[in-house]
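Please look over the sequence and the fold shown here before reading on. The paragraphs that follow move from the overall architecture to the sheet, then to the helices and a group of aromatic rings.

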Amino acid sequence: MEKKKSITLFAGFKAVCSMLFIITAILSVGMRAVPVLNEDSVYGVFAAACALSPPQETAAPPADTDPTPAPAPDTAEPEPEETLPSDGDGYKIVPVDLSLADGSGDLFYKNETDFKPNTKELLSAPYPIQPGNGEDPLVLVLHTHATESYAEEGSDCVYDTRSSDPEKNMLAVGEVIVQTLSASGVPAVHCETMHDEKSYNASYSLSCDSIKSYLNEYPSIQYVLDVHRDAIQLADGSMAKPVTNVHGSSLAQVMLVVGTDKGGADHPNWQTNLTVAAQLQSRLITYHESFARPINIRTASFNQQYAPGSLLVEVGTCANTLTEAKEAAKAFAKTFAALVKDA
């Protein structure tokens with residue numbers, strides 16, 4: 001009995017020694033391996049360990065889930081609607097010069113993208129649009145925000161910034177542009193739909209539908225001018241009135257807005273629009289150096305991917321008068337017509 005007990009103890013001791021030897025060997029190999037592990041090896045070890053982990057249970061997607069990815073935005077981010085002061089006192093009007101004109105004749109930009117425009121290249125580039133035959137419509141004028149309106153004549157404050165009256169809102173300004181272009185030998189059509197009257201947030205989608213409809217009806221259209229007016233509130237709560245004096249008349253300053261593909265829109269040829277804008281801007285400031293504000297280059301496309309000469313045109317702000325806006329529209333259209341006809 002004692003002999004069997006001794007044999008059993010010896011066997012157990014031998015097994016323990018064997019295990020200790022194996023553990024020591026493993027640790028020794030591991031210690032030698034550590035110095036040669038690089039970042040990829042560590043990642044591979046981590047990935048292998050994850051592969052051995054039990055799979056995580058995930059909830060099945062709902063049966064009606066649409067697997068189609070959402071399309072890239074092709075218009076613009078919704079802009080906040082203007083609101084009036086609750087006390088009804090209105091916004092004080094402050095005349096300003098926003099042209100940045102310094103007598104040099106240089107083009108100025110307000111650039112909200114990472115694109116670095118080369119002014120000399122844009123101005124010297126061949127004009128990208130043919131002049132047309134002089135009969136078929138070449139220009140479409142429309143208004144995504146047609147109900148934008150202006151300050152009352154002689155008023156010191158802005159009391160209302162919207163109107164559904166086509167004699168007081170952007171339709172009146174657009175009509176001046178269309179009539180002036182047509183009289184200058186550039187056939188134009190006017191979309192008088194008030195896209196923002198039904199839904200402000202859906203206004204760019206609605207105007208997009210109008211653009212496609214007009215381009216389908218008039219394939220000759222090469223320019224789409226989306227005519228707005230701006231609203232600029234100063235730090236003290238007053239509203240800026242960008243205005244200039246030309247030959248004794250007060251004109252609202254205008255601004256060209258160029259959309260891009262930086263926000264994800266399918267708009268690969270946006271620099272064609274920028275070329276048109278730069279060469280038009282050059283003529284606007286030649287007409288009068290403080291007539292135009294700097295070109296605004298934006299990340300959204302503003303529906304400008306459908307025609308090579310698409311621009312958003314801001315004619316003054318809500319602090320300008322309709323008379324100032326109409327005078328500016330007339331000067332703008334004459335300058336624009338000269339550019340188109342010289343192409």
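**A walk through the fold**

The secondary structure of the protein amounts to eight helices and eleven strands, where helices (H or I, at least four residues) and strands (E, at least two) are DSSP runs numbered from the N terminus. This is a predicted model, in which local features need pLDDT of at least 70 and side-chain atom pairs count only at pLDDT 80 or more, while totals for chains, interfaces and linings use all residues. Residues are numbered from 1 along each chain as its sequence is written, and side-chain values use heavy atoms, with hydrogens and water left out.

Of the 343 residues in the protein, 42% are buried, a term that means under 20% relative accessible area with a 1.4 Å probe and protein chains only. Among contacts (heavy atoms within 4.5 Å) with a separation of 6 or more, 81% are between residues 24 or more positions apart.

Seven strands form an open sheet of mixed pairing, in the order E2-E10-E9-E11-E6-E3-E5; two strands pair if DSSP finds at least two bridges between them. Strand E2 (109-111) and strand E5 (188-190) are the edge strands, each pairing on one side only, and the twist averages 25 degrees from one strand to the next. Strand E3 (residues 139-142) runs parallel to E5 and is joined to it by three bridges, with Leu140 having Val189 as its bridge partner in E5.

Helix H7 (residues 270-287) lies across E2, E6, E9, E10 and E11, running at about 165 degrees to E9; such angles run from 0 to 180 degrees between N-to-C directions, the axes being lines fitted to C-alpha atoms, for helices over the stretch in contact. The 18 residues of H7 should span 26 Å at 1.5 Å a residue, and its end C-alpha atoms are 26 Å apart, which agrees; the expected span is 1.5 Å times one less than the number of residues. The buried residues of H7 include Trp270, Leu274, Ala277, Leu280 and Leu284.

Helix H8 (residues 322-341) lies across E3, E6, E9 and E11, at about 155 degrees to E6. The structure holds six aromatic pairs, counted when ring centres of Phe, Tyr and Trp (its six-membered ring) lie within 6.5 Å, with planes under 30 degrees apart called stacked, over 60 edge-to-face and the rest tilted. The rings of Tyr223 and Phe336 have centres 5.2 Å apart and planes at 85 degrees, so this pair is edge-to-face. Because Tyr223 lies in strand E6 and Phe336 in helix H8, the pair ties together parts that are 113 residues apart in sequence. Both Tyr223 and Phe336 are buried, and ring pairs link Tyr223, Phe332 and Phe336 into a cluster.

Terms used
Buried means under 20% relative accessible area, exposed over 50%, partly exposed in between (1.4 Å probe, protein chains only).
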